[in-house]
Amino acid sequence: MEKNNLIDIVGSNPKEISIFLESLKYDYEKYRLHGHKDDLSDVHFRSPFEVVEDRCAICCEAAAVIGYTMDEQYNPKYVSLLASKEVANPGHAVLAFQDNSSKKWGSLGHSSQESQKNRPPIYPTLKELVISYNTDRIVYARIIIKRMSAFPQGWAQNKLSIADFEDISTHHT
């Protein structure tokens, strides 16, 4: 399968992609394993092609698919929200995008919790969008924001490791 085939299935704009996300099952087994390991160096995630083929993903896999297919005009950014060590939640990942006309930020994501999914493009800054994911139940301690172009060449065809998501990143607290 090639990138154009993936775009035909997933879409390249926020509306098309959100429809695709609704068709994905949530991978509770991988979430369970990912959320309760101290050493994640051996954890591998589905490539965008595997997510489309399997129609199943956890949040970071879905965010990678979205980033791979979303048109560059939306200024897509991979956002990883990492929970503090005290919280029994491994964190969350979404794909932030900027609306062309309003220049405001929104996001697309895949989660088992409705409150952790999409955000409409109403946030004036990326920081305000990220803050909207903090709820009374989950407070994120560290944020990693990455341009999709910063991912290693060929990453979309291979299984991804945690290092692929964290090595080339900008850290914000």
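User: Hi! Which loop holds Arg55?

Analyst: Hi! Arg55 sits in the loop between α4 and β3 (56-57). Helices here are DSSP runs of H or I with at least four residues, strands are runs of E with at least two, and both are numbered from the N terminus. This is a predicted model, where local features need pLDDT of at least 70 and side-chain atom pairs count only at pLDDT 80 or more, while totals for chains, interfaces and linings use all residues. Residues are numbered from 1 along each chain as its sequence is written, and side-chain values use heavy atoms, with hydrogens and water left out.

User: Thanks. What is phi of Arg55 near?

Analyst: Phi of Arg55 is near 55°, a positive value in a residue other than glycine. Arg55 is partly exposed, at 33% relative accessibility. For reference, buried means under 20% relative accessible area, exposed means over 50%, and partly exposed is in between, using a 1.4 Å probe and protein chains only.

User: And what about Asn75, where is that found?

Analyst: Asn75 is in the loop between α5 and β4 (77-83). Its phi is positive too, about 50°, although Asn75 is not a glycine. With a relative accessible area of 27%, Asn75 is partly exposed.

User: Switching to α2: which of its residues are buried?

Analyst: In helix α2 (residues 14-23), the buried ones are Pro14, Ile17, Ser18, Phe20 and Leu21. They line one face of the helix, because seen down the axis they fall within an arc of 160°. That arc is taken from the directions from the helix axis to the C-beta atoms. As background, an α-helix has 3.6 residues a turn, so residues three or four places apart point the same way.

User: Which exposed residues does the face turned away carry?

Analyst: That face of α2 carries Lys15, Ile19 and Glu22. At the start of α2, a side-chain oxygen of Asn13 reaches to within 3.1 Å of the backbone nitrogen of Lys15.

User: What covers the buried residues of α2?

Analyst: The cover includes α1 (3-10), α4 (48-54), α5 (59-69), β5 (92-98) and β6.

User: How many residues of β5 are buried?

Analyst: Seven of the seven are buried, so β5 is largely enclosed by the rest of the structure. His92, Val94, Ala96 and Gln98 are on one side, with Ala93, Leu95 and Phe97 on the other.

User: How does β5 pair with β6, parallel or antiparallel?

Analyst: Antiparallel, over five bridges; two strands pair if DSSP finds at least two bridges between them. Phe97 stands opposite Gly106 in β6. The hairpin of β5 and β6 has six residues between the strands, and Lys103 there takes a positive phi near 65°.

User: Now the largest nonpolar core: how many residues?

Analyst: The largest core has 32 residues, and those with the most contacts inside it are Leu21, Met70 and Tyr78. The elements giving two or more residues to this core are α1, α2, α4, α5 and β5. Its largest share, eight residues, comes from α5. Apart from it lies another core of 13 residues, among them Leu81 and Leu129. A nonpolar core is a set of buried Ala, Val, Leu, Ile, Met, Phe, Trp, Tyr and Cys residues joined through side-chain atoms within 4.5 Å.

User: Last one: is Ser111 buried or exposed?

Analyst: Ser111 is buried, with a relative accessible area of 9%. Ser111 lies in the loop between β6 (105-109) and β7 (119-123).

Methods:
Contact = heavy atoms within 4.5 Å. Polar contact = N/O pair within 3.5 Å; in protein donor to acceptor, adjacent residues only side chain to side chain.
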